[in-house]
Amino acid sequence: MQHKRCIHCKEEKLTSQFNKSASCKDALTPACKECLRIQRKQRESKHIVATEKTCIVCDSLQPASRFVPNKSCKDGLNGWCKTCTKDKDLQRKYGITLVQYSSLLLKQSYRCAICGTKDPLGPSGEFVVDHCHGTGKIRGLLCNHCNTGLGKLGDTVESLNKAIRYLSSC
């Protein structure tokens, strides 16, 4: 078995205790895995988590809870508030603004366009924008279950009709 000395702890260790690195002569990192882990923990603990922050998009001072955590930022928080992030995501994915999304939600009485639930379920806890994948036209806002159901049936009327006939045969 081969050994190598760590440049940080100066201990002689088995080569299996070092990460692989194509950029190093011996194809191993100069520091052992344990020292690298300790260094990473120290770097992460230096991040200051702010209590308030100004969004770089809407320029408003908001509580830290309105920002997504981001370890690569000095203060530990994303530069954009959650509202501006959602607005940009909606524009990028569906071509609508957060105001248009809210208007659609109001028009649907804050309910799923298919089943009528007020609980959107799912990981985001928000209603999903349902759209035609062919045309991009927005059909409405759905709960996670209805959106997933349509997707699993291929978003086709034919598949839905087959499912209806199947259920009706019972």
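Which residues lie nearest the centre of the largest pocket? They are Lys86, Asp89, Ser124, Glu126 and Phe127, out of 21 lining residues. The model is a predicted one.

**The pocket**

The largest pocket has a volume of about 460 Å³. Helix H2 provides the largest share of its lining, 8 residues. H2, H3 and E9 each supply at least two lining residues.

| Class in the lining of the largest pocket | Count |
|---|---|
| Nonpolar | 9 residues |
| Polar | 6 residues |

**Helix H3**

H3 covers residues 98-107, and Leu98, Tyr101, Leu104 and Leu105 are buried there. Seen down the axis of H3, these buried residues fall within an arc of 120 degrees, so they line one face of the helix. Val99, Leu106 and Lys107 are exposed on the other side of H3. The buried residues of H3 pack against helix H2 (82-94), strand E9 (128-131) and strand E10 (138-142). Serine 109 follows H3, and its phi is positive, near 55 degrees.

**The core**

The largest nonpolar core holds 14 residues. Leu90, Tyr101, Cys112, Phe127, Val129 and Leu141 touch the most other members. H3, E10 and helix H4 (144-152) each supply at least two residues of this core. H3 gives the most, with 4 residues. In soluble globular proteins, nonpolar side chains tend to be buried together.

Valine 129 has contacts of its own to follow. Not counting residues up to four places away in sequence, Val129 touches Leu90, Tyr94, Ile96, Tyr101, Ile138, Gly140 and Leu141.

How values were computed:
Residues are numbered from 1 along each chain as its sequence is written. This is a predicted model: local features need pLDDT of at least 70, side-chain atom pairs count only at pLDDT 80 or more; totals for chains, interfaces and linings use all residues. Side-chain values use heavy atoms; hydrogens and water are left out. Buried means under 20% relative accessible area, exposed over 50%, partly exposed in between (1.4 Å probe, protein chains only). The arc is that of the directions from the helix axis to the C-beta atoms. Contact means heavy atoms within 4.5 Å. A nonpolar core is a set of buried Ala, Val, Leu, Ile, Met, Phe, Trp, Tyr and Cys residues joined through side-chain atoms within 4.5 Å. On a 1 Å grid over the protein atoms alone, a cavity is a set of points where a 1.4 Å probe fits but cannot get out, and a pocket is an open set with protein on both sides within 12 Å along at least five of seven lines; lining residues have an atom within 4 Å of a point. Grid points are joined across faces, edges and corners, and a volume is the space filled by probe spheres set on the points. Ala, Val, Leu, Ile, Met, Phe, Trp, Tyr, Cys and Pro count as nonpolar, Asp, Glu, Lys and Arg as charged, and the others, Gly among them, as polar.
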